[in-house]
Structures are given as C-alpha cells and as structure tokens.
Amino acid sequence: MKFLDEFNDPEIAKQLFAQIAEMTTRPWAIMEVCGGQTYSIIRNGIDQLLPDEIELIHGPGCPVCVTPLGTIDKALEIAARPDVIFTSFGDMLRVPGSDEDLFGVKSGGGDVRIVYSPLDAVKIAEENPDKQVVFFAIGFETTAPANAMSLQVAKRRGMDNYSMLASHVLVPPAIDTIASSPNNRVDGFLAAGHVCSVMGTWQYGPLVEKHQVPIVVTGFEPLDVLEGLRRMISQLERGVAELDNAYARVVVEEGNLPAQELIADVFEVCDRQWRGIGEIPQSGWRISPAFREFDAEYRFGVGDIDAPESPLCRSGEVLQGLLKPNQCEAFGKECTPRTPLGATMVSSEGACGAYYQYRRLEVPVEVGRG
Amino acid sequence: MADPDFDGWSCPLPLRRYERIVMGHGGGGQLSAELVEHLFLPILGDHDGEMHDAARLSLEGRDVSFSTDSYVVRPLFFPGGSIGDLAIHGTINDIAMRGAEPVALSVGFILEEGLPMETLGRVVEAMGAAADAAGVPVVTGDTKVVDRGQADGLYVNTAGIGVIPDGVDIRPRRAEPGDVVILSGTLGQHGVAVMSKREGLEFGTEIRSDSAPLHGLVAAMLAVTKDLHVLRDMTRGGMSASLSEIAASAKVGIEFEEAKLPIPGDVAAACSFLGLDAISIANEGRLVAIVPPGHADAVLAAMRDHEHGRGAVVVGSVTDEHPGVVVARTPFGASRVVDLPLGEQLPRIC
C-alpha cells in the first residue's frame, strides 16, 4: 500500500541492518525519544536484529506515560461530575489515577467518550448545549495545533460549554534534562519526526552544540527508524555530533509556521511535571491567560489537586534509560498492563507496556503469565 | 450455592481494579475471560472443562452443538451488513465451530420504547434473508420492550443448535505440535467497517463487513477429513484472541508469519491511521483452522473452492516451544509475543 509498504520493505531493511552492523565497532546507547518509534521498534523486533553493541533506550516520548498523576486525578474529578461530558483520546482512559481510571468513572455513571480529534469534542459541545464538554488535551508538540484550534473555534463561536484540561509537554527540554543528568548514558538521540514536522528542527541545533551529542530527526515506519539509526551510528563512529534530518519527506527546518502561530496564540510555556521524572523547567504548555475561560482547571476549580506516585514504580528510571523495564522489581508482578502502577505500563507505546507485550519470551518465564 | 470468593480467586490479580462492570468486560479479551473464569464458571459450573464457541451435548445418542450470543452493535446498519444478519451468522458460526450442521435458531429481541417500526422491520428482513440464505430456520423467539433510554434502539440475542457428525471432535485442546494454522480469509474488515461508520471516518474506499455464515465452509472442510483439530470464528479480539485462547487451552505454542496475514490495504491503512492492530479486530465471517499437517493442503484447497474461503491461506503452525504463548514472526525475521487483548482496543494517541 502506498506510503506504508515502501517503508516496510524487508529487503531494504536487510540492507540497512547490514550497513549498520558493518559500521558498528563499539557499544552505543541510543535513545529514541518518541513512543511511536518505540512501538515500531518493538513491534517489528528491530532491536533484536541490531548488533549487540547497540542498545536502544526507550525515551519519555509517550505523552500518555508522562502525564502526571495529579493531572489524571483532575481529569477523574471533572469526568465524574454529572453535568460534564468528558472527552479523551482512547489510551488515556485506562491510565490509573490515584484510585481508578476513566473507564471506572464511566462505569460509575460518568459520561466519558473517546474522540479522535478535539474538534469532535467541540461538535459534541454544540450538540449538547446543556452539558459542559471537556477535552483532555495531552500530548507533545504534535497534537498541540489541533488542540489550540479547537479553543480558537470555541472562542470565535462564543461557546461557554467547551473547555480543555491541557497537559502538553515539549521534547527539547526533556532531551536537555536527560543529556544534562550526571547519570546520562545516552550517546545519541533519535528526535521525534512528527514533533519536528510541527516545530521544525531549529530547536535541536543548540542541544547538539551544548551537549556535543548527535541528534537525528527520525520517522516512525520501520525503514525510517533504521535509516535514523544508520545515520546516528555513522556520526557516532566518526566521532562527530551533528543535527541530521532523516525524515526530510515530512520535516523542514522551520517547521509548520501556521501551526506554530496557532500554538503561540493559545498556549504559553510553563514548568511541567513529568510522571516518573519530576519537574522539568519550561517543558510544557498551558492555556494562556487570553483563553483562561476555556481552561478546565480554572473552570472546575481543580487546580489544587495533586497526588503522590507509587513508591514501587520506577518508571522515571526507565524513562531516563537507567533501568530496563524488566529490571524493575514490580514488572510483571504488581505491575502489568492489567494493573499498571505507572503509566509506562499502560500505553502500548509506553516503555514497560511495549516490553511486556512483545518481549516476554526473553524475560523470566513466570513473568506475565498471571 | 456458594457466594463467589472475591478474596480467594485463583488468579493472582483478579478483577481487582474494577468494582463495577466496565466496557472491557464485554470486549472478548482478558477482562471477559476473567469474568468467565472467576465468576460465571465457579457459580454456574463448567460443563465440559473447555471453553469453546459452542458447547457439546449428548442427546439420546446424538451429539449436539449448542450456543448463544447477544448483539449490541452500533450502528444497527453498517457497510456489508446489519445487526440482523450478524445475529444469524454469529450463532450459526459458533455452532459450526464444533463441526456441527446447524439445525435451528431462536431469536430474542429487547426493544427500546420509541424504536421506529421501520427500523425493526429492516432488521427482521435482514435476519430473514440471512437465515434463508444459510438454510437455517428461526423456530422460536421472544420480544421484550424496555423504557425509552434503557436500551440503545434494540438488542438481539440468538441461540441455536446443530448436529455434530459422527467422528468429529473439534475443540481447542486438540491443537498439537506440527499442526498447520489456516485462516479462511482477510482480517479486520468487520471491525473497521463498523468503527468507520460509527465514528464517521472515511477512508476513500468503503470497507465492508465480512459477515457471513461459515457452516457451509466447515462442511466442505469436513468432507476432506473429519480430523480437523480446532476451529474458531475470529470475532471479538480477532485472530490474536482466538490463537491466544487455543494456545492457552491446548498448552501449545503457536507461531505465525506476519507477512502472510491477509490484511487488505484499506484495513491496514485504517489501522495505521487509528492506531489499531488488525490482528485484534473483530471479524464476523472468518475462521481459523488448526489442521493436522497431512491434511493441510487438501483442506486449504477445499476452503479456496468455497465462496467463504476463497482467501484462505496458511499463516503458521503449532509448536511444542513456548507453550501457551503465541509468537509472531515479523517480516524482518524478528519475533514478538502476541497477547490476548486486555479489553476493547483503544486507539493510540499518535
């Protein structure tokens, strides 16, 4: 099929694997930042076919995984209200808050609906004028333009029954934090192609300079990931650190300017909690004062809700590449996709969830057959 | 009758997150299985110690296949079918997965006050046409009406019986190492057809449900050999649920080649777009057969000669390695575990 098959071709993959193997002479730890890349790597078994020297570290790029517990609890609080229709992307519904998840709220009578776009939520609001419709806007830079647009539409139409619980996170500050850590093991970063399609690549040059670490903008289909890895290994083996764009069919340096304008109109940069990692300065977007009336935290007065995370969950170390998922003592025991302690186990893109789903044959046999 | 022991359930992590029913309990995955294992079976009893699409009963010397299924699909009408023909095909298929020739069906309606008579008429016409085409009569039924708001238009339950030919013993536990895994056709069409209609998504081409009665196909396969080991119709949870359940039940490993899976291009595109996995999407006219290797070629040929098996293809085999686990070989030569889906598939965010 057009646009899918040509990026899955096993013959081309074989050539890329061979080139990577030939180039690799030393151990390298490479972090793929985006959860979509993690999914592609694990689903296709790319990591199994790379030379032993190459270690892939699954980064913090799953927005579901890094949404803080306190934000989930705010969502649960709002969703349980009888006058609210709470809308969300599908995989947020199973993310556990302190007590339950959105599915639990739904079964208790909350009106919780899966949507595919925030504009669907706007439509629901127009169809239900006597209800407050809230959209749970999580995600990286990729989903921000559509979320911003929905608020612009709501404002333009004078809608007083649509609002947004926003918890956007930004990739460059996360890379900066990981690369700055004294424990950092990452030799190179595969940047998230779709984030860069919105924001461009210009934010990454300074990170390359500052940390002397190669960054390769990489796509999501298997051959995209392999090409990103090939270019990364090439840089590492040559001892250079450059910004490279291996996803040029989608990403241009300046990014999508109209989308960036939309974002700048609706959101402002803020410090942000990342689940399992902690607060990263200037790493999130919140709804700007001009759109405050559409901010669900403000409208529903849930700004004060906060929640401590499970002491058993070591997802922060997993997200920073300090721990493999199956090295966590709770992995496959207290923590499974069925009973996740941390959000990295919830989403199929989450490092722990992906590991659990697809790699159980390589971890101890008793794991996961609960 | 003893109360269910909510504290002493055998599964180490039983149902513990949910004190109420959630949608995933009806999704045909792990949550559904836990309900059956920990609530229904302990109280209602375990007839033959083996989960299958239909029960096998012995009546006056004749072996009978007996099954029931309820239909709550939204929307009621979708490309390639409706709740009416689905309710006929689904129960026929459940009966047929024991190798039985379906004899008769019952139909129970739960109707919501205010349902347009014209809608009910169209559903019943679709049922009648499907039953006629399949040659399986509806012989008894029931109708209940509930207050407006208590049912989403209408729900249908069908049950049915069929006669199992002598010498036929088809059930999950018969899967043996060396057996061949055959799919009867494409994967994912029904689920994507319903979802695209429900969500108002359009993909350029219209994806149609694969809903079809499979007893004729099964009869054609049995004409080759009575020694078919396992048949499953791959409904909720799709192929991955069917294979996972067979592997767990027979304590064998199952391997398949992803590159051989018959996933239509438009289904693959929709799945890629929505963040879904075609192997876990419901089908309503597709079966997976586990067949002894010596009969595989002839069974495959017979399937391809039948209108509902034209797209039949061998996708894998049963192995004595990794018992209880289904493994996919990726096109690049790597492998991964395929799990029983948890509940409903959730579209991924990106």
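B:Glu60 sits in the loop between strand E1 (55-59) and E2 of chain B; helices (H or I, at least four residues) and strands (E, at least two) are DSSP runs, numbered from the N terminus. Phi of B:Glu60 is near 50°, a positive value in a residue other than glycine. This is a predicted model: local features need pLDDT of at least 70, side-chain atom pairs count only at pLDDT 80 or more, and totals for chains, interfaces and linings use all residues. Residues are numbered from 1 along each chain as its sequence is written, chains are lettered from A and ligands numbered from 1 in the order in which they are written, and side-chain values use heavy atoms, with hydrogens and water left out.

**Confidence**

- The predictor gives the complex an ipTM of 0.79 and a pTM of 0.85.
- Chain A has a mean pLDDT of 89, with 94% of its residues at 70 or more; pLDDT is the predictor's confidence in each residue, from 0 to 100.
- Residues 363-370 of chain A stay under 50 in pLDDT, and the model has 14 contacts for them beyond four places in sequence. Contact means heavy atoms within 4.5 Å.
- Chain B has a mean pLDDT of 89, and 91% of its residues reach 70 or more. Over residues 1-16 of chain B the pLDDT is below 50, and this stretch has 27 contacts beyond near neighbours in sequence.
- Where pLDDT is low, the predicted coordinates should not be read in detail.

**Backbone details in chain B**

- Most residues other than glycine have a negative phi, and most peptide bonds are trans.
- A cis peptide bond links B:Arg74 to B:Pro75, with omega about -10°.
- B:Pro75 belongs to the loop between strand E2 (62-71) and strand E3 (77-78) of chain B.

**The seven-stranded sheet of chain B**

- Seven strands of chain B form an open sheet with mixed pairing, in the order E9-E11-E8-E12-E10-E13-E14. Two strands pair if DSSP finds at least two bridges between them.
- Strand E9 (230-233) and strand E14 (335-338) of chain B are the edge strands, each pairing on one side only.
- Neighbouring strands of this sheet are turned by 25° against each other on average, direction ignored.
- Strand E8 (residues 180-183) and strand E12 (residues 313-319) of chain B pair in the antiparallel sense over four bridges. B:Leu183 has B:Val313 in E12(B) as its bridge partner.
- Strand E10 (residues 253-257) and strand E13 (residues 326-329) of chain B pair in the parallel sense over four bridges. Here B:Ala328 in E13(B) is the bridge partner of B:Phe256.
- E13(B) and E14(B) are antiparallel, again over four bridges. B:Val326 is bridged to B:Val338 in E14(B).
- The hairpin of E13(B) and E14(B) has five residues between the strands, and B:Gly333 in this hairpin takes a positive phi near 100°.

**Helices by the sheet**

- Helix H8 (residues 293-304) of chain B lies across E8, strand E11 (287-291) and E12 of chain B, running at about 10° to E8(B). Axes are lines fitted to C-alpha atoms, for helices over the stretch in contact, and angles run from 0 to 180 degrees between N-to-C directions.
- Helix H5 (residues 215-224) of chain B packs with H8(B) at an angle of about 145°, their axes 9 Å apart.
- The crossing of H5(B) and H8(B) is right-handed. A crossing is left-handed if the near helix is turned anticlockwise from the far one by less than a right angle, and right-handed if clockwise.
- B:Leu217, B:Ala220, B:Met221 and B:Val224 of H5(B) make the contact with B:Ala298, B:Val299, B:Ala302 and B:Met303 of H8(B).
- By class, the contact of H5(B) with H8(B) has eight nonpolar, no polar and no charged residues. Ala, Val, Leu, Ile, Met, Phe, Trp, Tyr, Cys and Pro count as nonpolar, Asp, Glu, Lys and Arg as charged, and the others, Gly among them, as polar.

**Helix pairs in chain A**

- The axes of helix H8 (residues 144-156) and helix H13 (residues 257-266) of chain A come within 8 Å and cross at roughly 55°. H8(A) and H13(A) are therefore oblique to each other. Angles under 35 degrees count as roughly parallel, over 145 as roughly antiparallel, 65 to 115 as roughly perpendicular and the rest as oblique.
- Residues in the contact of H8(A) with H13(A) include A:Ala148 and A:Leu151 of H8(A) and A:Leu262 and A:Ile263 of H13(A). The contact divides into nine nonpolar, one polar and one charged residue.
- The axes of helix H1 (residues 10-23) and helix H12 (residues 222-238) of chain A come within 10 Å and cross at roughly 15°. H1(A) and H12(A) are therefore roughly parallel to each other.
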